[in-house]
Amino acid sequence: MMFSIQKSEAPKPLNIRNRGSKWRDLFETMRPGEWVRVPKESQARANAAAAKYMRGRYSLYRIDNVTGDYCLLKLR
């Protein structure tokens, strides 16, 4: 196979988002002041993902003593 240099405009990439992170997609759609309820079982994963993708722009705190659910609030 020979490679040739093209002078025309490059083709557009497909709109397939397969990054493998549901958390990143969720955080990108959230606006400051919006929040999501996180079940107790997912708290550790949500906290790790927020630390990675939001880097200090969030707050995670417990909101229900019975079920142990948390609130993840996007700050800025």
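User: Which pattern does the protein chain follow when it is read along the sequence?

Analyst: In this predicted model, where local features need pLDDT of at least 70, side-chain atom pairs count only at pLDDT 80 or more, and totals for chains, interfaces and linings use all residues, the protein chain follows the pattern α-β-α-β-β. Residues are numbered from 1 along each chain as its sequence is written, and side-chain values use heavy atoms, with hydrogens and water left out. The pattern is made of 2 helices and 3 strands, where helices (H or I, at least four residues) and strands (E, at least two) are DSSP runs numbered from the N terminus.

User: Why is Trp 35 called exposed?

Analyst: Exposed means over 50% relative accessible area, while buried means under 20% and partly exposed lies in between (1.4 Å probe, protein chains only); Trp 35 has a relative accessible area of 52%, and is therefore exposed. Trp 35 is found in strand 1 (residues 35–38).

User: What makes strand 1 and strand 3 a pair?

Analyst: Two strands pair if DSSP finds at least two bridges between them, and 4 bridges join strand 1 to strand 3 (residues 70–74), so these antiparallel strands pair.

User: What is the strand order of the open sheet, and which are the edge strands?

Analyst: The open sheet of 3 strands has the order 1-3-2, with antiparallel pairing. Strand 1 and strand 2 (58–62) are the edge strands, because each pairs on one side only.
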